[in-house]
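Colleague: I would like a close look at one part of this model, and then a walk through the links inside the chains. Please keep it plain.

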Amino acid sequence: ETGVTQSPTHLIKTRGQQVTLRCSSQSGHNTVSWYQQALGQGPQFIFQYYREEENGRGNFPPRFSGLQFPNYSSELNVNALELDDSALYLCASSGKQGNTEAFFGQGTRLTVV
Amino acid sequence: AQSVTQPDIHITVSEGASLELRCNYSYGATPYLFWYVQSPGQGLQLLLKYFSGDTLVQGIKGFEAEFKRSQSSFNLRKPSVHWSDAAEYFCAVGGTGYSTLTFGKGTMLLVSP
């Protein structure tokens, strides 16, 4: 158990819809990163939030957006869903900016039909 | 740009035999290196990490890895594999300033009786 929890665990959406995924970080951690893991691939960095500000972004379009709240929990929002957005979405929390030891949640499996 | 290569997509090892999973990285500065394990449908569990110091690092579940700067490698080893080690293994590289990770595509370990 890492103390990082994600909800929901599974989700099915229709192409064109919007989705929100949630993550509660480990106690004491103020940095949250989101990753997308397509089937048969390694996780790919989407973006990171540190103290409620976006602190780095991978090669994902603007329809992927996020929020971090004062309690350091976080949301990932994806608009205009495409079939290729089907993946396992992983949230990772870490203790402070620059500390690269990340603890991962169990992920949310998103299926877009 | 940083990158990680895991040359072996699948590896089959007999229970009780030794294991070595290969990882090569590309990174412009001193890397932080990690090995994670993922069971089907689950999140990522940290096995071990290298930040600095001794180039042979010990991890959980009897795993170890050796950092070789000259070869840009960080191979994972275990002297005697157990059936419960069957899973997918990911090597990752990160750096200071951002706790973001670049992952390889993973190696699926199968353990035969």
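How much area is buried between chain B and chain A, and what percentage of it do carbon and sulfur atoms give?

Modeller: This is a predicted model, and what follows should be read with that in mind. The area buried between chain B and chain A is about 1800 Å². Carbon and sulfur atoms give 52% of that area. The side of chain B that touches chain A draws two or more residues from each of strand 5 (32-38), strand 6 (45-50), strand 10 (87-95) and strand 11 (98-103) of chain B. Strand 11 of chain B gives the largest share of that side, with five residues. By residue type, the side of chain B that touches chain A divides into 10 nonpolar, 10 polar and two charged residues. In residue numbers, the contact takes 22 from chain B and 23 from chain A.

Polar contact between chain B and chain A comes to three residue pairs, with both residues at pLDDT 80 or more.

Salt bridges do occur elsewhere: the count over all chains is eight. Side chains of opposite charge can pair when their charged atoms come close. One of the salt bridges is between Arg22(A) and Glu75(A), with N to O at 3.5 Å. This pair links distant parts of the chain, since Arg22(A) is in strand 3 of chain A and Glu75(A) is in strand 8 of chain A, 53 residues apart. The partners have their own accessibility values. Glu75(A) has a relative accessibility of 14% and therefore counts as buried. Arg22(A) is at 42% and so counts as partly exposed.

The surroundings of Glu75(A) can be listed as well. Glu75(A) sits in strand 8 of chain A, which runs over residues 74-78. Leaving aside residues up to four places away in sequence, Glu75(A) touches Thr20(A), Leu21(A), Arg22(A), Trp34(A), Ser65(A), Gly66(A), Leu67(A) and Phe69(A). The salt-bridge partner Arg22(A) is among them.

A further salt bridge in chain A joins Glu82(A) to Arg63(A), and the closest N and O atoms are 3.3 Å apart. Glu82(A) lies in the loop between strand 8 and strand 9 of chain A, and Arg63(A) in the loop between strand 6 (53-57) and strand 7 (64-68) of chain A, so this pair ties together parts that are 19 residues apart in sequence. Glu82(A) is partly exposed because its relative accessible area is 41%. Arg63(A), with a relative accessible area of 16%, is buried.

In chain B, the side chains of Asp85(B) and Lys78(B) form a salt bridge with an N to O distance of 2.8 Å. Asp85(B) has 3% relative accessibility and so counts as buried. Lys78(B) is at 10% and so counts as buried. Back in chain A, Arg63(A), Glu82(A) and Asp85(A) are joined into one network by salt bridges that share partners.

The remaining links are the disulfides. A disulfide is a covalent bond between the sulfur atoms of two cysteines. A search of the whole structure finds two of them over all chains. In chain A the disulfide is formed by Cys23(A) and Cys91(A), with the sulfur atoms 1.8 Å apart. The angle about the S-S bond is -60°, and the link of Cys23(A) and Cys91(A) is left-handed. Cys23(A) is in strand 3 (residues 19-24) of chain A and Cys91(A) is in strand 9 (residues 87-94) of chain A, so the pair ties together parts that are 68 residues apart in sequence. Cys23(A) and Cys91(A) are both buried.

In chain B, Cys23(B) is joined to Cys91(B) by a disulfide with S to S at 2.0 Å. The torsion about the S-S bond of Cys23(B) and Cys91(B) is about -65°, so this disulfide is left-handed. Cys23(B) lies in the loop between strand 3 (19-21) and strand 4 (24-26) of chain B, while Cys91(B) lies in strand 10 of chain B, so the pair ties together parts that are 68 residues apart in sequence. Both cysteines, Cys23(B) and Cys91(B), are buried.

Conventions
Residues numbered from 1 in each chain as written. Chains lettered and ligands numbered in written order. Predicted model: local features only at pLDDT ≥ 70, side-chain atom pairs only at ≥ 80, totals over all residues. Heavy atoms only, no water. Contact = heavy atoms within 4.5 Å. Buried area = accessible area lost by both parts, 1.4 Å probe. Polar contact = N/O pair within 3.5 Å; in protein donor to acceptor, adjacent residues only side chain to side chain. Helix = DSSP H or I, 4+ residues; strand = E, 2+ residues; numbered from the N terminus. Nonpolar A, V, L, I, M, F, W, Y, C, P; charged D, E, K, R; others polar. Buried < 20%, exposed > 50% of the residue type's maximum accessible area, 1.4 Å probe, protein only. Disulfide = S-S within 2.5 Å. Salt bridge = Lys/Arg side-chain N within 4 Å of Asp/Glu carboxyl O.
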